[in-house]
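Hi everyone, thanks for coming. Let me put the structure up on the screen, and then we can walk through it together.

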Amino acid sequence: MNRIFSGIQPTGNLHLGNYLGAIRNWVALQNAYECIFCIVDLHALTLPQDPDELRASTREVTAAYIAAGVDPERCIIFNQSMVSAHAELAWLLSCITPLGWLNRMTQFKEKAGKQRDLAGLGLYAYPVLMAADILGYKATHVPVGEDQKQHLELARDIAGAFNRRYERDFFPLPEPQIFGTGTRVMSLRDGTKKMSKSDPSDYSRINMTDDRDTVALKIRRAKTDPEPLPGTIEALEVRPEADNLVGIYAALADQSRETALQKFAGQNFSVFKEALTELSVATLGPIGGEMRRLVADPGHIDAVLRRGAERAAAIAEPILREVKDITGLLRP
Ligand code: AQP
């Protein structure tokens, strides 16, 4: 059986990168797989969070899933902290994960910055919790953006380490699913940095709830160069900001970058940016509106999350019990 697990951290404003790199793909996948979509609130705690904002953000991410078209009846939608198997399994897996594997993780290096000794243990151990999220459901496939590929490879290594240690084929090795042009959306202010919720500059990203005027302003202000759009992908690729905007257009229009570029080759950015604004608003406008409607009814969102947590626990708890038996933990 093919089972998908994926999630997003409730750490602030969801953006176009989260939509194109993750949520939009989930909507398409829900017809072909058993899907578990999590709001990974324990991961969010790896950096300081305001408790009220964390609660609000958890509901907002849930609203985004539903507003974008993830069906809470067909899929399991829940917040991670409601199913204790995640944290328990993370401990068991951390005991078989060599430090050397974690030392290679680039996201830790980026997020910890220069003051690595001050970074929390949770930030360092984040990939082990992510492995537990996935393996705790014996998920076979994990749709992610490019940025999460390294963590997923680690989850596969940990699954293999467990299977070898206990000499059985217990955990399937989860396959990454990385789709098309939206897998790495970059900042609107710097084409070499990914679009991120935690970027202090609001102009670096298009939020899923931005209104038309805000989207138009952010795209108008997006960094570009004075040259018109080139005619070839090779010429585009050496201009990271232009390349990023064409990539976003292509992803939104569901086209290849080549097709999108041909449409605007030789034109000025002002023309292209207007078209990009229209496309962004046409896609995100209805989703943002539905998100606002859903967030205004927290009772409904909480009911979805409660039901999702029950369904998730019904899968994860028996798997955790088996892991405990295999590892020799007594369950008297
Ligand atoms: N810029 C991006 N382009 C494509 N996909 C992206 N994703 C995130 N940013 C981009 C995908 O969204 C999913 C959820 O990511 P996350 O919130 O769990 O963590 P993240 O990757 O660290 O996302 P952010 O937005 O950068 O958040 P912060 O600032 O909190 O760290 C993943 O599938 C990810 O690939």
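Predicted model: local features only at pLDDT ≥ 70, side-chain atom pairs only at ≥ 80, totals over all residues.

Residues are numbered from 1 along each chain as its sequence is written, and side-chain values use heavy atoms, with hydrogens and water left out.

Let's begin with a loop. Asp254 lies between α11 (240-253) and α12 (257-264). Most residues other than glycine have a negative phi. Asp254 has 66% relative accessibility, so it counts as exposed.

Lys138 also has a positive phi, about 50°, although it is not a glycine. You can find Lys138 in the loop between α7 (121-135) and β4 (141-143). Its relative accessibility is 24%, so Lys138 counts as partly exposed.

Now please turn to the ligand. Where does the ligand sit? It is in the largest pocket. A pocket here comes from a 1 Å grid over the protein atoms alone: it is an open set of points where a 1.4 Å probe fits, with protein on both sides within 12 Å along at least five of seven lines. A molecule sits in a pocket if more than half of its atoms lie within 2 Å of the pocket's grid points.

The elements that give two or more residues to the shell around the ligand are β1 (3-8), α1 (16-29) and α6 (106-112). Which of the elements gives the most? That is α1, with four residues.

There are 24 residues around the ligand, and those that come nearest are Lys111, Asp147, Ser196, Lys197 and Ser198. To count as near, a residue needs a heavy atom within 4 Å of the molecule. By type, the shell divides into five nonpolar, 14 polar and five charged residues. In that count, Asp, Glu, Lys and Arg are charged, while Ala, Val, Leu, Ile, Met, Phe, Trp, Tyr, Cys and Pro are nonpolar, and the others, Gly among them, are polar.

Next, some polar contacts, meaning pairs of N or O atoms within 3.5 Å; within protein, one must be able to donate a hydrogen and the other to accept it, and residues adjacent in sequence count only if both atoms are side-chain atoms. An N or O atom in the side chain of Thr11 is 2.8 Å from a ligand oxygen. For the side chain of His15, the distance to a ligand oxygen is 2.7 Å. For that of Lys197, it is 2.3 Å. On its own, the ligand has 640 Å² of accessible area, and the protein covers 97% of it. Those areas come from the Shrake-Rupley method with a 1.4 Å probe.

Here is a contact within the protein. Ser187, in the loop between β5 (175-177) and α9 (212-221), reaches the backbone nitrogen of Arg189 with its side chain, at 3.0 Å. Is Ser187 buried or exposed? Ser187 is buried, because its relative accessible area is 1%.

Finally, have a look at Thr46 in the loop between α2 (41-44) and α3 (51-68). Thr46 is buried, at 17% relative accessible area. Thr46 and Tyr124 are 78 residues apart along the chain, and their C-alpha atoms are separated by 8.4 Å.

Technical notes. 1 Å grid on protein atoms, 1.4 Å probe; cavity = no way out; pocket = protein on both sides within 12 Å on 5 of 7 lines; lining within 4 Å. Buried < 20%, exposed > 50% of the residue type's maximum accessible area, 1.4 Å probe, protein only.
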